[in-house]
Amino acid sequence: MSPEATIEAHNFGVASDKRLPEIVPTQIPRSLARLIECAAAGDLAAFEEIMKHSEKRVMQMTWRMLGNEADARDAAQEVFLRVYKYLGRFKQDQPFFAWVYQITLNVCRDIAKKRRQYDTQFISLENGGHEAALVVCDDRADAEQTLIRVQERELIMRAIATLPERERAAILLRDLEGLSTEEVAHIMSSTATTVRSQISSARQKIRVYCGRYLKKRGATVE
Amino acid sequence: MNCKNVEPLLPLYVGGDLDEKQSRLVAGHLQSCTECSVVADEYAGARQLLQGYEGPVFSDEIYTRLRRQVLTEIARESHPRVWPGIFSRLFLPLVQPRMRWAAAALLLAISVTALYFSRNVLRRLPTDHQVAVRTEEPKQAGAEVRSEQSNESAGSSSSPNKTQVRMATTRRLITRKREANDGVVATNLTRELAQAIKVEPSSNYRVIQRAVGVSQPSSDAGPVRVEIQTSDRNIRIIWLPGQRPGTDGTDGSKGL
């Protein structure tokens, strides 16, 4: 890989913001395209650069889909292995991260099938993973705010865990990754109408699940 | 637009997933309907909660380890070992879940073939305990056969119905074995018997008999006793090759 490609790799617009519409750009940045070409030709350094710029999103997505760190790491590893394996088939005119998300969802589905304890693990192991985050929050905010945040997180986590797999994927991609309905449909190999229906259903379920808490919070605020 | 029409659109409305026309209609309805506004607020609150749902912050160490593992795996796969590669190419498809039926069918076919061979082909081969002897098919079972065997013992070897075995050859073999091993009869004695015992071809012969026992006496002087079970349960040939044939022409065989 040329040094130019390495330097440019840091500028292909994959910021670490939570919701970024540009993560599925219609045009792949030239630097990324070049990295992909190099990696497809067997350049491991180029592939490592690609990994560096997509690993956080992949890990977050796998963690949200699978609900625990161990599975998330296994899934992320498998995702990158598949990305490398099929990089030659990737067409430059399609959005790269949509393609990566597509692979991510497939891997998560496979792992979830293997484990056969999808929902149980999602809830039970999640709590352990949050301890570190709780400590970090503790430094910054007062105890009450931290407690509320932890409660909310746990609530939404459980709400997500109740969703069927496709609804979960659709709502995560739409509301957390900030992709458009069409992009989500492309990733999930579905139609925009179907995705809208899945998103609507997921939002209804989450609202019902969190309804009591929301009413209580609304009353407190008022 | 009434509440019944608006309610299903609210989840999409709060996420901005409706087209412009529908959004305007829903917004207009919400301004006039308190109940639907409350529901819309709940949807918005739930969405807000969801968007505030941050994943854990993984350390750089985890990411570094992940990259290292992936690169190691890629390097390992790009230099596969030769033999496992060939074997996996041959057999790995069979252990794939989608190939399990094909694998099961293949195993079944192998089992059936093995069973067929064990029952039909291998059974025909003589073993240490089996001797192939052809006997002429008795025209009538029972007493008639017995009488034929009695005739044979009595020396009527020229009779066309008696068991025809080339005993002389076998006797020579056993004699030679005795000379070589000082009275020890080798375990493949019966195999030699199988080779030695021949029957003149005839259309109505029965095949496959069993050497019931070959007993060797402790001293060289004693006779060797060979028992051959014919296909007819009622006929067993006991042959004492060490004995001299009777003066009347018998060769030491006895029909029982």
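This is a predicted model: local features need pLDDT of at least 70, side-chain atom pairs count only at pLDDT 80 or more; totals for chains, interfaces and linings use all residues.
In general, nonpolar side chains of soluble globular proteins tend to be buried together. In this model the largest nonpolar core has 70 residues, and the members that touch the most others are F47(A), V83(A), F96(A), L173(A) and I206(A). Helix α5 of chain A, residues 96–115, contributes the largest share of this core, with twelve residues. V83(A) illustrates the packing: leaving aside neighbours within four places in sequence, V83(A) is in contact with F47(A), F96(A), W99(A), V100(A) and I103(A). Another core, of 13 residues, lies apart from the largest one and includes L9(B), L10(B), L18(B) and C36(B).

The interface comes next. The size of an interface is often expressed as the accessible area lost when the parts come together. Chain B and chain A bury about 3,900 Å² between them, and 65% of this area is on carbon and sulfur atoms. Within the area that chain B buries against chain A, L49(B), L50(B) and Y53(B) supply 20%, more than any other three residues. In terms of contacts, 33 residues of chain B meet 47 residues of chain A.

Polar interactions also cross this boundary. Eleven residue pairs are in polar contact across the interface of chain B and chain A, both residues of each pair having pLDDT of 80 or more. On the side of chain B that touches chain A, the helices α2 (10–14), α4 (34–51) and α5 (60–78) of chain B each supply at least two residues. By class, that side of chain B has 18 nonpolar, eight polar and seven charged residues.

Charge pairing can be followed from the interface into chain A. Side chains of opposite charge can pair when their charged atoms come close. The whole structure has 18 salt bridges over all chains, and six salt bridges are found across the interface of chain B and chain A. One joins R207(A) to E42(B), with the closest N and O atoms 2.8 Å apart.

R203(A) and D17(B) form another salt bridge, at 2.8 Å from N to O. This pair crosses between chains, from helix α12 of chain A, which holds R203(A), to the loop between α2 and α3 (20–32) of chain B, which holds D17(B). R203(A) is buried, with a relative accessible area of 5%, and D17(B) is likewise buried, at 6%. Through salt bridges that share partners, R174(A), D175(A), R203(A), D17(B) and R47(B) are joined into one network.

Two further pairs lie within chain A. The side chains of K52(A) and E49(A) meet in a salt bridge, 3.8 Å from N to O. The two are separated by about one helical turn because they stand three residues apart in helix α3 of chain A, residues 44–66. K52(A) is partly exposed, with a relative accessible area of 36%, whereas E49(A) is buried, at 7%. In the second pair, E182(A) forms a salt bridge with R196(A), the closest N and O atoms being 3.5 Å apart. This pair links distant parts of the chain, 14 residues apart: E182(A) belongs to helix α11 (residues 181–187) of chain A, and R196(A) to helix α12 (residues 192–221) of chain A. E182(A) is partly exposed, with a relative accessible area of 47%, and R196(A) also counts as partly exposed, at 26%.

Definitions and conventions: Residues are numbered from 1 along each chain as its sequence is written. Chains are lettered from A and ligands numbered from 1 in the order in which they are written. Side-chain values use heavy atoms; hydrogens and water are left out. A nonpolar core is a set of buried Ala, Val, Leu, Ile, Met, Phe, Trp, Tyr and Cys residues joined through side-chain atoms within 4.5 Å. Buried means under 20% relative accessible area, exposed over 50%, partly exposed in between (1.4 Å probe, protein chains only). Helices (H or I, at least four residues) and strands (E, at least two) are DSSP runs, numbered from the N terminus. Contact means heavy atoms within 4.5 Å. Buried area is the accessible area (1.4 Å probe) that two parts lose on being put together, summed over both. A salt bridge is a side-chain nitrogen of Lys or Arg within 4 Å of a carboxyl oxygen of Asp or Glu. A polar contact is a pair of N or O atoms within 3.5 Å; within protein, one must be able to donate a hydrogen and the other to accept it, and residues adjacent in sequence count only if both atoms are side-chain atoms. Ala, Val, Leu, Ile, Met, Phe, Trp, Tyr, Cys and Pro count as nonpolar, Asp, Glu, Lys and Arg as charged, and the others, Gly among them, as polar.
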